[in-house]
Amino acid sequence: MTENNIGTLEEEALKRKERLQALKRKTEDSKENQSEIGGNLPKPKFRSYKPQDESLKVEVLEDAKPGNVEAEVQDQLSAATSKVVIEELDISNLAPRKPDWDLKRDVAKKLEKLERRTQKAIAELIRDRLKQGQHDLAAVVNIATNK
């Protein structure tokens, strides 16, 4: 049995060795490809830096020129002075909301759940009273709703 285990261990070692060699070849190939692709690297853009090297001076961008600020300000001033006529005015949007509107909104889901539970409890009470021997359905429902 030990000879069989030794044989499988040697086979696994050989497989590992082959995988490592394949990985090494793959990394060497990728390094060669990177050196070939080196011409496709992004070129730097110099906005505020003036390079010393002559080959990099081609990549220097021109200084930014400011836009016409006065024209922009005049446009905004003329837009501010023109009167906008509102054709339709919805008064309900102008009315202030009640101070507790957000509280009511937040509690609404909880109240719905509570209402469902209340209805289930009333139905359960009615069933219990019917089981106790009160066979008049209308009387049982009226007693349950009056309490």
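This tour visits the salt bridges of a predicted model, pair by pair. A search of the whole structure finds three of them.

**First stop: lysine 57 and glutamate 54**

Select lysine 57 together with glutamate 54 and display the side chains. The two side chains meet in a salt bridge, with an N to O distance of 3.5 Å. Turn next to the surface around the pair. Lysine 57 is partly exposed, at 41% relative accessible area. Glutamate 54 has a relative accessibility of 55% and counts as exposed, because the exposed class begins over 50%.

**Second stop: arginine 105 and aspartate 106**

Arginine 105 is partly exposed, its relative accessibility being 48%. Aspartate 106 is likewise partly exposed, with a relative accessible area of 45%.

A salt bridge joins glutamate 124 to arginine 127, and their closest N and O atoms lie 3.1 Å apart. How exposed is each partner? Glutamate 124 is partly exposed at 39% relative accessibility, and arginine 127 is partly exposed at 46% relative accessible area.

**A closing view**

With the pairs displayed, recall the general principle: side chains of opposite charge can pair when their charged atoms come close.

Definitions and conventions. Residues numbered from 1 in each chain as written. Predicted model: local features only at pLDDT ≥ 70, side-chain atom pairs only at ≥ 80, totals over all residues. Heavy atoms only, no water. Salt bridge = Lys/Arg side-chain N within 4 Å of Asp/Glu carboxyl O. Buried < 20%, exposed > 50% of the residue type's maximum accessible area, 1.4 Å probe, protein only.
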